[in-house]
Amino acid sequence: MKHRSLISLSLSLLLALGLTACGGEEPQPNPEPQPDPAPASEPVQEAPSLSQLREEAQSAGADAAIAFLGSLSEGEAMADFLSGCDLPEDYPFLGDIDEAHTVRAAGYEVYCLVPVQADAPLTVQAFVMDESNQYLGEAGETLYESQTGEPVLLVCNISDIMPNLLVTLTRADGQTSSFNPFLSLCDGRVDLPSEPVLYDFSRYDSIGYGKTQADFLGDWTSAELPGQLSFAEDGTMTFTSGGETFSGTFYIISDSATGSYRPGDVLFELTGDARSVWGTFAIQRSGDAITVTHTAGDPLLSGWENAAISFTR
């Protein structure tokens, strides 16, 4: 019996060794330890003043908030310009807007645009108004695109009646709407279109806008036309002659980046029922009289090109 048991044990051992040699499972090496997954990055927290502005604009039913910040002097750095107005005290996020989020076209008007939604797509294009499109205007080169709703600064507009930027906003429902940033000829404030809905957070008093210093402010009458000119310190003006009334703005040219205008001349930008006036004039005052001389562009009345017209109090 002992002999048979030893034989059985030997056969069992040989069988086990044979199975291993014919492809039985071999021990697997221990897997290398994997590094722990990187912790999720913290979401970027936007400035509280920016979040508050978005909430205010959204509560007002707006698609974006916009502010006119003032006029940038030629050669003036944006940081110096912003520090010179009081608006950043209310909205300090303005100081965080860098050059990559600043869109520049010809002109000196400075606006800040803030989409209500932080992920709202935004496109800014050049807006071209010239003879090729009968001055009706059309979209030109794309100057800026964003899918993340950051605030942007817009520098634009040599002329109040010929805006040169086109802004397109996309709402959460995918609908798009476009507008031109410019100041209204009626009151000198940001022109607010019906679409998109804009929330105006300008601080007109604090930026000193509308405080024109000139010796020709007030009401003047001319027997030559006959007609009347009125200039207000907020930069608005009216002209009345022959039963027709024009309203708009005037701007004293301090310098000309293009060399097209004479420093010291006054740019009239007026609209009437049948036509518009966009021209420059030299204004000289002597006591209770002024002389208005047409120098370029449209005259006040047809046939008065390059004419000098006298006005009195």
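## A salt bridge with Arg 54

Glu 46 is partly exposed, at 32% relative accessibility (buried means under 20% relative accessible area, exposed over 50%, partly exposed in between; 1.4 Å probe, protein chains only). Glu 46 forms a salt bridge with Arg 54, with 3.2 Å between the closest N and O atoms (a side-chain nitrogen of Lys or Arg within 4 Å of a carboxyl oxygen of Asp or Glu). Arg 54 counts as buried, at 8%.

This is a predicted model: local features need pLDDT of at least 70, side-chain atom pairs count only at pLDDT 80 or more, and totals for chains, interfaces and linings use all residues. Residues are numbered from 1 along each chain as its sequence is written, and side-chain values use heavy atoms, leaving out hydrogens and water.

## The network around Arg 171

Salt bridges link Asp 63, Arg 171, Asp 173 and Glu 195 in a network. Asp 63 meets Arg 171 at 3.8 Å, N to O. These two are 108 residues apart and link distant parts of the chain. Asp 63 is buried at 17% relative accessibility, whereas Arg 171 is partly exposed at 27%.

Glu 195 also forms a salt bridge with Arg 171, at 3.2 Å. Glu 195 is partly exposed, at 41%.

Thr 280 is buried, with a relative accessible area of 4%.

Of the chain's 313 residues, 39% count as buried. The structure holds seven salt bridges.

Definitions and conventions:
Helix = DSSP H or I, 4+ residues; strand = E, 2+ residues; numbered from the N terminus.
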